[in-house]
Amino acid sequence: MGMAFRLSEAEEVKALGLRGIAVPGHRLHDISLFSMMPMFKYMETQQLTLSMCLADNEQQIGEMGEIIRECPRLKIAIGHFGMPTTPSFRQQVMLARLSDNVRIESGGITWLYHPEFYPFPTAVRRIRQAADWVGWDKLMWGSDYPRTITAITYKMSYDFITRSTEISETEKEAFLGKNAHDFYGFGKLPDLPYIKNMSE
């Protein structure tokens with residue numbers, strides 16, 4: 001996949017009226033993130049959001065830091081909550097301090113701690129730790145659904161936060177909705193029906 005093809009894909013996304021692109025950076029073995037710089041710059045000018053999971057290595061985290069500096073208006077959500085089960089956790093979370101437009105998104109955190117299982121006390125501690133480093137306004141909840149349905153219900157993917165006594169109600173409100181609402185620029189969101197087999 002060449003640079004021009006990546007840029008053309010971003011142009012197609014924009015033409016379709018979509019508002020973002022997810023890149024599985026942790027799956028891009030031996031491919032520099034810099035090779036996608038034309039796409040990132042285009043996304044910045046077109047106000048497209050980048051969702052990016054990063055590999056657990058200093059090179060890719062360093063490259064993402066340079067991309068953030070080069071594209072300061074590009075909205076970036078770093079997925080898998082910065083890989084809290086790896087030594088790179090703090091490095092990934094601290095990327096959020098480089099720009100007002102970078103957030104850390106928790107999709108997959110329950111999967112990373114699934115051997116511990118619900119109510120994922122270590123995941124809660126890692127969320128609090130990240131908040132100490134970068135502030136609650138930089139953190140957003142995510143479910144990683146439907147992958148996580150193999151281990152937990154959709155409700156459990158957020159219920160471990162709502163039931164936690166280690167996170168205040170104000171922090172829960174920010175983490176579970178307000179921060180994403182502000183970051184993605186959502187309008188009024190519809191009330192969705194309760195779906196029993198998904199939620200229980």
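Predicted model: local features only at pLDDT ≥ 70, side-chain atom pairs only at ≥ 80, totals over all residues.
Visitor: Which residues have the most contacts inside the largest nonpolar core?

Guide: The largest nonpolar core holds 50 residues, and those with the most contacts inside it are F40, M43, M64, F81, I127 and L139. Helix α6, residues 121-134, contributes the largest share of this core, 6 residues.

Visitor: What does L139 touch?

Guide: Setting aside residues up to four places away in sequence, L139 touches F81, I104, I127, A130, A131, V134, A174, F175 and N179.

Visitor: How should one read the side of a helix that faces inward?

Guide: An α-helix has 3.6 residues a turn, so residues three or four places apart point the same way. In α6 the buried residues are T122, A123, V124, I127, A130, A131 and V134. They pack against α4 (89-94), α5 (109-112), β5 (139-140), α7 (156-162) and α8 (169-184).

Visitor: What span should α6 have, and how far apart are its end C-alpha atoms?

Guide: At 1.5 Å a residue, the 14 residues of α6 should span 20 Å, and the end C-alpha atoms are 20 Å apart, which agrees. Just after α6, G135 adopts a positive phi of about 95 degrees.

Visitor: Is H80 buried or exposed?

Guide: Buried means under 20% relative accessible area. H80 has 15% relative accessibility and therefore counts as buried. H80 lies in the loop between β3 (76-78) and α4. Apart from neighbours within four places in sequence, H80 is in contact with H26, C53, E105, G107, G108, L112 and D144.

Visitor: How is a pocket to be described?

Guide: The largest pocket has a volume of about 1100 Å³. Its lining comprises 37 residues, of which W141, A180, Y184, F186 and L189 lie nearest its centre. By class, this lining has 22 nonpolar, 9 polar and 6 charged residues.

Visitor: Which element gives the most to the lining of the largest pocket?

Guide: That element is α8, with 7 residues. At least two lining residues come from each of α2 (37-46), β2 (49-53), α8 and α9 (196-199).

Visitor: What lines the largest cavity?

Guide: The largest cavity, with a volume of about 40 Å³, is lined by S106, G107, G108, I109, T110, W141, G142, S143, S157 and F160. The elements that give two or more residues to this lining are α5 and α7. By class, the lining of the largest cavity has 3 nonpolar, 7 polar and no charged residues.

Conventions. Residues numbered from 1 in each chain as written. Heavy atoms only, no water. Core = buried A, V, L, I, M, F, W, Y, C linked by side-chain atoms within 4.5 Å. Buried < 20%, exposed > 50% of the residue type's maximum accessible area, 1.4 Å probe, protein only. Helix = DSSP H or I, 4+ residues; strand = E, 2+ residues; numbered from the N terminus. Contact = heavy atoms within 4.5 Å. Expected span 1.5 Å × (residues − 1). 1 Å grid on protein atoms, 1.4 Å probe; cavity = no way out; pocket = protein on both sides within 12 Å on 5 of 7 lines; lining within 4 Å. Points joined across faces, edges and corners; volume = space filled by probe spheres on them. Nonpolar A, V, L, I, M, F, W, Y, C, P; charged D, E, K, R; others polar.
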